[in-house]
Amino acid sequence: MAAIDWGFSINRPRTIDIDNNNLRKSDEILREMPELQCCIGCGACTASCTAGNLTEFNFRKVHTLVRRGEYQGAYEEMNKCMLCGKCRLLCPRGINTRGVVMLIKRKLGDF
Amino acid sequence: MKHVVVIGGGIAGMQSALSLKKRGFDVTVVEKSNRLGGKLLNWHCLFPSFTPATEVTDTLKQRIADSGVEVRLNAEVVEFDRHHVVLADGERIECDAVVLCSGFTLFDARIKEEYGYGIYDNVYTSVDIEAMLNKGRVELKNGGRPRRIAFLHCVGSRDEKVCQRHCSKVCCVTGVKQAIEMKQLFPEADVFNFYMDIRMFGPGYEEMYREAQQKYNIHFVRGRISEAAPTIDGRLQLKAEDTLTGRPLKISVDMLVLLVGMRSNDDNARFAEHSGLQCAPSGFMAPADMFLSNVASGVGGIFYAGAVTAPKSVGEVLNDGAAVAEAVTGYLG
Ligand SMILES: Cc1cc2nc3c(=O)[nH]c(=O)nc-3n(C[C@H](O)[C@H](O)[C@H](O)COP(=O)(O)OP(=O)(O)OC[C@H]3O[C@@H](n4cnc5c(N)ncnc54)[C@H](O)[C@@H]3O)c2cc1C
Ligand code: SF4
Ligand code: SF4
Ligand code: SF4
């Protein structure tokens, strides 16, 4: 008998659970590029980003989630970056943003 | 010789007295506790230079001792006008002008019950941390070393729920300073600062903030903790929104530090009523003018210096001391 679709489902909790997230990767990323921790969340990178203006891609948000141990989808998101480097020209904290994109892609290919 | 009474022997009172004495006035400092120094006596090291607070208080105390300023300890002022200061025991001191340097009151963290101060173990205030640093021993209730520490900014500031709308100005800097101190003591610990806005208003402060991030790997999360709850293993679970990702966040920690605000002195309303002075909506004393007379009150012969008019850093308070001497000289001639 075919399963009946009752129209109900269970949502995955949206909470960032620092205790249960595996912070090893994010620690590794921050150890390789401590400057990433200097981000002040200003959003200048995202504001300038062509990819971000045409798609859902938000560089600031993706790397912030990665720092909290939320890796799922980060690699695919970072693939939307065209490495044009506009964001790097703007970042007031001098973060090598393209370097961050490359580092996250290198570290989180499996997630 | 004209006689000026300085109410309060904190750093504002001491610097005001020294500057007034230099200008040739006869000066009496009236302090309600048994020693000079005010709140600074409780702080360990001062931001942003990590200078021991005793370096400031001891130097000022020595200068007072050498200056010939009269100091009255254990003497609480209960009311005053420009010509008299009345002490708790009824004694009246005659004078020609008064400088009010009675400082601020610390916010009582127990009022924010949702954070569990005084209810759960290992919830501390920034004031407790300074005391522990002074004793040379920062530890958990069970004597252990914390592995994860959270600081919460704006406790008792910028919060209508506790009738404190103003920003206390120094607590962000104190929070970053103490986060660094915790990392120095416990390098293996993870430190998280939960902030609403980071306000680094002075020289060297932003640089210290950046160092906290880059050198000490302190995590800054923008979001106000909504509550703390004890976990079954005696830790604390915190809930907040990570507003920069738009997601709720939970985390358990060994130690929660509440960065308590500076609120207006409890005596301000009473003094204002008796002496015809104005309080700002925040409860701090309102100077006659924000720009050109910011150490004068609206009443001739009554002046202000230090944190009695607003949350201020040590440097700003000391500048007030010098400025008030100039203003009093203008008034008494
Ligand atoms: C947790 C914390 C940490 C801080 N750390 C720093 C720092 O690192 N660097 C920095 O620049 N600033 C710091 N500050 C700010 C600093 O504490 C204040 O700028 C300073 O204490 C204000 O000095 P004051 O003399 O105006 O007031 P207070 O220090 O409050 O002194 C007031 C004095 O007046 C006396 N008094 C009050 N009422 C009466 C009365 N009726 N009769 C007689 N005497 C009276 C009191 O007993 C007291 O001695 C910090 C503040 C807090 C809350
Ligand atoms: S380098 Fe990538 S993230 Fe930065 S602006 Fe260009 S496309 Fe956007
Ligand atoms: S521009 Fe730099 S500081 Fe601003 S959000 Fe982007 S990475 Fe962070
Ligand atoms: S200085 Fe910072 S912690 Fe203190 S009240 Fe202002 S914003 Fe909040």
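The model is predicted: local features need pLDDT of at least 70, side-chain atom pairs count only at pLDDT 80 or more, and totals for chains, interfaces and linings use all residues. Residues are numbered from 1 along each chain as its sequence is written, chains are lettered from A and ligands numbered from 1 in the order in which they are written, and side-chain values use heavy atoms, with hydrogens and water left out.

**The sheet in chain B**

Five strands of chain B form an open sheet with parallel pairing, in the order β11-β18-β12-β13-β14. Strands here are DSSP runs of E with at least two residues, helices are runs of H or I with at least four, and both are numbered from the N terminus. Two strands pair if DSSP finds at least two bridges between them. The edges are β11 (123-125) and β14 (219-222) of chain B, each pairing on one side only. On average, neighbouring strands of this sheet are turned by 25° against each other, direction ignored. Axes are lines fitted to C-alpha atoms, for helices over the stretch in contact; angles run from 0 to 180 degrees between N-to-C directions.

Helix α3 (126-135) of chain B packs on the sheet and touches β11 and β18 (255-260) of chain B. Its direction makes about 85° with that of β11(B). Contact means heavy atoms within 4.5 Å.

Strand β12 (148-155) of chain B is mostly covered, with eight of its eight residues buried. Buried means under 20% relative accessible area, exposed over 50%, and partly exposed in between (1.4 Å probe, protein chains only).

| Parallel pair | Bridges | Residues opposite each other |
|---|---|---|
| β12(B) and β18(B) | five bridges | B:Ile149 and B:Met255 |
| β13(B) and β14(B) | four bridges | B:Phe194 and B:Val221 |

A right-handed β-α-β unit is made by β12(B), helix α4 (171-185) of chain B and β13(B). Right-handed means that, with the strands pointing away from the viewer, the path from the first strand over the helix to the second runs clockwise.

**A buried aspartate**

B:Asp242 lies in strand β16 (236-242) of chain B. It counts as buried because its relative accessibility is 0%. Leaving aside neighbours within four places in sequence, its contacts include A:Ile16, A:Thr64 and A:Arg68, as well as B:Val221 and B:Arg222. B:Gly223 is 19 residues away in sequence and 5.5 Å away in space, C-alpha to C-alpha.

**Ligand shells in chain A**

A shell residue has a heavy atom within 4 Å of the ligand. Around ligand 3 stand, among them, A:Cys39, A:Cys42, A:Cys45, A:Arg60, A:His63 and A:Cys91. Helices α2 (44-48) and α4 (59-67) of chain A each give two or more residues to this shell. Ala, Val, Leu, Ile, Met, Phe, Trp, Tyr, Cys and Pro count as nonpolar, Asp, Glu, Lys and Arg as charged, and the others, Gly among them, as polar.

Residues around ligand 2 include A:Cys49, A:Cys81, A:Cys84, A:Cys87 and A:Arg98. That shell holds seven nonpolar residues, one polar and one charged.

**Backbone geometry**

Most residues other than glycine have a negative phi, and most peptide bonds are trans. The bond from B:Phe47 to B:Pro48 is cis, with omega near -10°. B:Cys163 has a positive phi of about 60° and is exposed, at 67% relative accessible area. Phi of B:Lys169 is near 70°, and B:Lys169 is partly exposed at 23%. B:Cys163 sits in the loop between β12 and α4 of chain B, and B:Lys169 is found in the loop between β12 and α4 of chain B.
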